[in-house]
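Here is a friendly walk through one protein model, with an eye on its packing and its charged side chains. Have the coordinates open as you read.

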Amino acid sequence: MLLTLRFIFICLFCSIFSFSQEINPPSDLSVCDNDTDEITAFDLNINDAAILGEQSPNDFSVTYHLTEASAISGESPLQSPYYNTANPQSIYVRLEELSTGNYDTASFNLLVNPIPAAANFVSRTFCSVNDQEPFTFDFTSLEPEILNGIPASGIQISYHLAEADAQENANAISNATSFEAEYYTNYFARIENEAGCFGVTILYFNTSIAPVPNNPTPLLACSPDGFATFDLDSKIPEIMEGIDLCSGCYHLSFHETIQNAESNINDVSGIYSNIVSNQQTLYVRLADEANECSNITTLSLIVNSGVAPEIETVETQEVCPSYLENYDLTQFEDTILNGLTNVSVSYFDDYIGLTSNGDPIVDPMTYDLSLDVATIYVRVSDLDSECSAYTEINFDYYNGCEVNCGMPLNMTFCYANGDEREFTYTSATSEPLVVSFNAGSIHTADRLLVIDSDGGAELYNGYGNDTGNGNIYDLSGLTIMSTGSSITVKIQSNFNNSCSLNDGYNEWNFDVFCASSLGFIEVNAFLDTNSNGVFDDTESLYNQGNFTYEQNNDGIINTVNTSTGTFFIGSEDASNTYDFSYNLYPEYQSCYSITTSSFNDVSVETGSVVSVDFPIENIAPCDDLGVYLINSAIPPRPGFTHLNQLVLQNSGFSTVTSGTVEVVLDPLLEYQGVTGVNPNYTITDTATGFTLDFVNLEQGDTEVISISLLCPATVNLGEVVENTAAYLDGSDDLVLSNNNSSLSEVVVGSYDPNDKMESHGPQIVFDEFTTSDEYLYYTIRFQNLGTFNADIVRIEDALDTGLDATTFQMLRASHDYTVTRTGNDLEWYFEDINLPAAQDDEAGSNGYVYFKIKPASGYAIGDMIPNTADIYFDFNEPVVTNTFETTFVETLSAEAFALNTFSLSPNPANDTVSITMTDNRFENVNVSLFDVQGKQILNTQISEGNQTDLNVSQLQSGLYFVKITNGQYEAVKKLVIN
């Protein structure tokens, strides 16, 4: 018996010891669901204090678990904050005494309560006379709109002057049913349910002042029985004349009764038959854009006895804009009347005058037409009944000019904002035509287009010469010739500055004449192998230099580079003189000489061709093999292959018999192989890439090898990969700087095929750059994404002042080109390029230019050079490339900002996103926002403190990238904009 009692006592003691700690039942955790997915973050540790009660947290541990079993075993504790996976969801808690390991368990629920699905925004528009006066308003009248269909039971609504008060449920408006409200002011309603979850609705009061219609003159018709049909809409211009309302910003309707007009019902607009004989009154309602505030006027319909004359129409008249004065409008009367007598004919230059019995044109036989008059309106009235009929004479000024080769046509034209008119001229003798500008101003945001025969190639797309007067450019002296028998001149106006606004712009004045009235100067640079100074048929053109020319000593120096070594200038005036010079690139001046380096006062008679030939002689046996790495199309993207082109170019005077080029590829990329290799060359793969052994590369020849590279899916966006190529046998080469080439590219998620990049990448180590050739190597890539071949491609590049324009040198292009530099402006022309559309020939739809240029003197660490290009395909709007930014830095490091160095909040974002640095070691941090095509959208700096805000409210929804950099380190994070 004693043994039994001892056993019971021991068991009881053990039981008491195992449960000596005491767990207090925790309360359920309840939060409000802000995004309707019933998933949110819970801070489980909020329940710690309640669970412990009087017990010390130093003696116990509290852990939370998904199941009762894991709470009992103490396994898989949850981390806080915890995102629920169900609603409601049970959570199990374990309270364990640290000294003994004894524990107890309990459970509670996680509850996600919905917020009221009220409207986000409610507005009211009031018709008023004075929108500055307050008005008495009952906020509760808005409650059906605020609740937006949710039941009102259990909902409390309060009204507030400030959004913060609505959020905090403070300072509610006490007299919500009779509040003195103001227009154009935001008020706020707080909608709270029984769970304490709430939403805020913005309330906005707008006002509108009803437009006042003009009182129209009667609408007349003729019929023997007093009934006729009327075109009511024909009165709209008269009713709206002088009223400053945009199209779509008003509502105009016709009604048979005043009651219908006031109620805006039974609109009879359009073609209407009167229901009251001889004379009827209709009511015209003119309302604001919201169709709520209106004014009403009347329109009389009058039916005269008799029959309107039956008249004929006139075909559209093609009129040359050079012959517009003293135009005889009456020349069409025989056609219009078709034998009618006993009638009068009146002419009007505006429709309102026609329909409102306004003043007719006084002398229609000597009327001065203008480009702004597209239609003349004609009224023919019976002299006995005064019944009238109407017709129009329409004019087309754009295709009706035939040029007699014995006499040029002169055109004067003043373009308007948004103008897109074009004028086509045709030669009477089928020979080419020339357009020559005598005067004219244009804004740099606008374009003069000159188009070849039959809508063919674009001969010119630009804005002339800088006048030094802001954005006003001058077209004087511009001369363009067609290849066929017609030519079109067109304005493409996008800006609010034009001659018609009388704001400093001169009207255009140009002559159009036959090409037989034009002289041509052909300018060539050639290798004079026999040293006779004559461009013989057996000799070839030379392109390792540039031309310059000046017209009439006007001080404007134009620099021209061509891939072929030749270009043309057309002169319409035999008195024009031109000064030409040719300049070898500096690296070739020890190998070549120019027998004659300049020609002055060159002129040409009309109908003649004059050649200006620059003889280039080889004076030393110089070898020059240039090696270039170019990406002509697709940049590296995770998971995709892309190509680099290895270009070998013999710019020397003799054949390079053999040599080796080594290509080293970035370790992040996977080498897939090469294509396009000359069968006489040898490729040897290496651990880091490959070597190329070539033979017999003749003078002037170029070899292009395509290198296929895979960017693995594991490579991060924003990573910079670098490939290099080196000519290993170039110690005796003339130009050592082009024996090595590097290509650094940023890995992107998506890309724009029309872009600009520089081969060093976004950052250049200053000390390394100053000990190199100090050239920046730019590639501008383009692709025809249209639906048809592009006949002409033009590229404009306005060089930044941080670049030394005089050091510009073309290295290579995908197609034959001409590039002209005027000051800091570069213009490439690819005439007759016939670039296929990507949908028809993806590979053939690509092109590029590759050039080098030095920074302007004085560049230093921290300097940033931006560069952007505009690419034109035929007559389309320009495709603007990304802005590539080159920054000189002190050092580069393999390290980068840790991704937790900065945070984005909120993400996703709607209006504003805050960029916060969590590490204050970094100063002068640059923040950039890029779209998925790699184009920079926003840019700012964090120079003080550790936070900045980006306004993203105007951006389209989608994925973006935020990059931070301080010149040495950088990090990229994704940002989603809703």
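## The nonpolar cores

Which residues of the largest nonpolar core touch the most other members? In this predicted model, they are Ile376, Phe395, Tyr425, Phe437, Ile442, Leu448 and Trp508, out of a core of 54 residues. Strand E34, residues 508–514, supplies the largest share of this core, with four residues. Apart from it lies another core, made of 32 residues, including Tyr778, Val793, Val849 and Ile871.

Beyond its neighbours within four places in sequence, Phe395 is in contact with Thr316, Gln317, Val319, Tyr327 and Leu329, among others. The list for Phe395 also includes Leu369, Val373, Ala374 and Ile376, and Ile376 is itself among the core members that touch the most others.

The mean pLDDT of the protein is 84, and 92% of its residues reach 70 or more. Where pLDDT is low, the predicted coordinates should not be read in detail.

## Salt bridges

How many salt bridges does the model contain? The count comes to twelve. One of them joins Glu422 and Lys490, with the closest N and O atoms 3.9 Å apart. This pair links distant parts of the chain, with Glu422 in strand E25 (residues 422–427) and Lys490 in strand E33 (residues 486–492), 68 residues apart. Glu422 counts as partly exposed because its relative accessibility is 30%, whereas Lys490, at 17%, counts as buried.

Glu796 and Arg447 meet in another salt bridge, at 3.3 Å from N to O. Here the partners are 349 residues apart: Glu796 belongs to strand E55 (residues 793–798) and Arg447 to strand E28 (residues 447–451). Both Glu796 and Arg447 are buried. Arg781 and Asp755 form a further salt bridge, their closest N and O atoms being 2.7 Å apart. Arg781 lies in strand E54 (residues 776–783) and Asp755 in strand E52 (residues 755–758), so this pair ties together parts that are 26 residues apart in sequence. Arg781 and Asp755 are both buried. Salt bridges that share partners also join Arg447, Arg794, Glu796 and Glu827 into one network.

What its side chain does reach is backbone: the nitrogen of Gly555 at 2.7 Å, while the backbone nitrogen of Asp554 lies 3.3 Å from a polar atom of the Glu550 side chain. Leaving aside neighbours within four places in sequence, Glu550 is in contact with Gly555, Ile556, Ile557, Thr577, Tyr578 and Asp579.

Asp452 is likewise buried and without a salt bridge; its nearest side chain of opposite charge, Arg794, is 14 Å away. Asp452 lies in the loop between E28 and strand E29 (458–462). A polar contact of 2.4 Å joins the side chains of Asp452 and Thr483. Not counting residues up to four places away in sequence, Asp452 touches Ala457, Leu459, Ser482, Thr483, Gly484 and Ser486.

## A buried asparagine

Is Asn524 in strand E35 buried or exposed? Asn524 counts as buried because its relative accessibility is 2%, under the 20% cut-off. The strand that holds Asn524, E35, covers residues 519–527.

Among the residues that Asn524 touches, not counting those up to four places away in sequence, are Phe535, Leu541, Phe547 and Gly565. Thr566, Val612, Asp613 and Phe614 are also in contact with Asn524. Asn524 and Phe535 are eleven residues apart in sequence, and their C-alpha atoms are 8.7 Å apart in space.

Note on methods:
Residues are numbered from 1 along each chain as its sequence is written. This is a predicted model: local features need pLDDT of at least 70, side-chain atom pairs count only at pLDDT 80 or more; totals for chains, interfaces and linings use all residues. Side-chain values use heavy atoms; hydrogens and water are left out. A nonpolar core is a set of buried Ala, Val, Leu, Ile, Met, Phe, Trp, Tyr and Cys residues joined through side-chain atoms within 4.5 Å. Buried means under 20% relative accessible area, exposed over 50%, partly exposed in between (1.4 Å probe, protein chains only). Helices (H or I, at least four residues) and strands (E, at least two) are DSSP runs, numbered from the N terminus. Contact means heavy atoms within 4.5 Å. A polar contact is a pair of N or O atoms within 3.5 Å; within protein, one must be able to donate a hydrogen and the other to accept it, and residues adjacent in sequence count only if both atoms are side-chain atoms. pLDDT is the predictor's confidence in each residue, from 0 to 100. A salt bridge is a side-chain nitrogen of Lys or Arg within 4 Å of a carboxyl oxygen of Asp or Glu. Lys and Arg count as positive and Asp and Glu as negative; His and the chain ends are not counted.
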